[in-house]
There are 2 protein chains.
Amino acid sequence: MAVANAAPADLGDGDVLVVAHKVVSKAEGRVRRLEAIEPGPRASELSAEHDRDPRVVQAILDESAAVLRADRGVLICETHHGLVCANAGLDQSNLAEPDTVLLLPRDPDASARALRAGIAAACGARPAVLITDSFGRAWRLGQTDVAIGAAGLVVLDDWRGRYDAAGRPLRATAIAVGDAVAGAADLARAKSSAEPVVLVRGVERFVTRDDGPGAAALRRPPAEDLFREGST
Amino acid sequence: MAVANAAPADLGDGDVLVVAHKVVSKAEGRVRRLEAIEPGPRASELSAEHDRDPRVVQAILDESAAVLRADRGVLICETHHGLVCANAGLDQSNLAEPDTVLLLPRDPDASARALRAGIAAACGARPAVLITDSFGRAWRLGQTDVAIGAAGLVVLDDWRGRYDAAGRPLRATAIAVGDAVAGAADLARAKSSAEPVVLVRGVERFVTRDDGPGAAALRRPPAEDLFREGST
């Protein structure tokens, strides 16, 4: 396992290995050849409207439970996992084969758990594992890395019911620790450097023995989403 | 200046001082007493619909250029700065005085520039300065700290026009470095600890001699916003 081989000798139980999803997707064979994709009527329509390759659009639709917005060539989709992101997370860059698209892992939390177990078996240490992707944001420019899969990390640190420094209850405060760790790890590499794994230290207070609920805990349930079609 | 006094002796030009906006807002007197606020008709209507204090709602409206959503007690607003966030960034927690609200700095980029100049004068070193707040996200649970003000940091690292490891052009990739640094700094403190300043090291490649465009460079222009009322 390449990730275990790349791990330092002093890898510890309180560490977090942050893994770019691309290497996980490749290892899991989540690659489609464009020549094997037959675009359906909706893909043909969207691709004509947005000047995209209809086979790529069909691959995006195949990964999507819903298309939330289609505008200026960008499709904002909800994936079958419940992630909201551009193009359902499909990727065409950083691939050796030009006529393929790379999909997100089928179950990124399961992938993170499997990686964690494999690293523990190979290295003797049992760090937390995050699987990340770069997502855009509705109202801010630039992408940030977020956790799409997790094992052994408290991804959401919920302060509701606790008290602030002045002793008054903290309301509506939960910190997206998983996404903050993902973003911090991205600062440690350059996008062109093809470094798929970053080791994050110093957040052992969020690392747990159990694998926990994974990054699924960071997905806002559709019923709490104020920005869907038809919400007011 | 408290921030300069708290700085370590080896503060360097490549460091980043990340400052929670609350201390900046307090230092700038951005506090309103609720008893001095007279709610207008719109504030009264919204507060009745959403079970909020009408004086707080009036203070939110006074800070807002637009209310994008009002639902279940939460007002998602665009501030006069062009930031989209809950309650126009108003804060009632962590304040010694219970009958006040704390507003965002009037011009957080100007505040960051002034802080940077003050630190340089007091300490001899000229680190970058970020001013941060915790924002929610449309489709993900939990808040992350983001940069609302900046001086001397490349907040948006634009890779468009550059090439990936395989030599193919990177498309639509710009990394929100300012927000990643803000989130990383938040991991270094606990919300209850009232630590307003975090020193971030190791990102000197994004620190610039000039103050630069500030965190304004991270605000998505309304014309590129797919999730406003009336956008499709």
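The model is predicted, so local features need pLDDT of at least 70 and side-chain atom pairs count only at pLDDT 80 or more, while totals for chains, interfaces and linings use all residues. Residues are numbered from 1 along each chain as its sequence is written, and chains are lettered from A and ligands numbered from 1 in the order in which they are written.

Confidence comes next. The model has ipTM 0.91 and pTM 0.92. For chain A the mean pLDDT is 89, with 90% of its residues at 70 or more; pLDDT is the predictor's confidence in each residue, from 0 to 100.

Now chain A. Its domain assignment lists domain 1 (1-28 + 105-218) and domain 2 (31-103); such bounds come from an automatic or database assignment. Taken over C-alpha atoms, the centres of these two domains of chain A are 26 Å apart. In chain A, 9 residues of domain 1 are in contact with 10 residues of domain 2, where contact means C-beta atoms, placed from the backbone, within 7 Å.

On to Val198(B). This residue sits in strand S11 (residues 197-200) of chain B; strands are DSSP runs (E, at least two residues), numbered from the N terminus. Is Val198(B) buried or exposed? Val198(B) counts as buried because 21 C-beta neighbours lie inside 10 Å; the cut-off for buried is 20 or more other C-beta atoms within 10 Å, C-beta atoms being placed from the backbone. Beyond four places in sequence, the contacts of Val198(B) include Val18(B) and Ala185(B). Pro54(B) is 144 residues from Val198(B) in sequence and 35 Å away in space, C-alpha to C-alpha.

Conventions: Two residues are in contact if their C-beta atoms, placed from the backbone, lie within 7 Å. Helices (H or I, at least four residues) and strands (E, at least two) are DSSP runs, numbered from the N terminus. A residue is buried if 20 or more other C-beta atoms lie within 10 Å of its own, exposed if 12 or fewer, and partly exposed in between; C-beta atoms are placed from the backbone.
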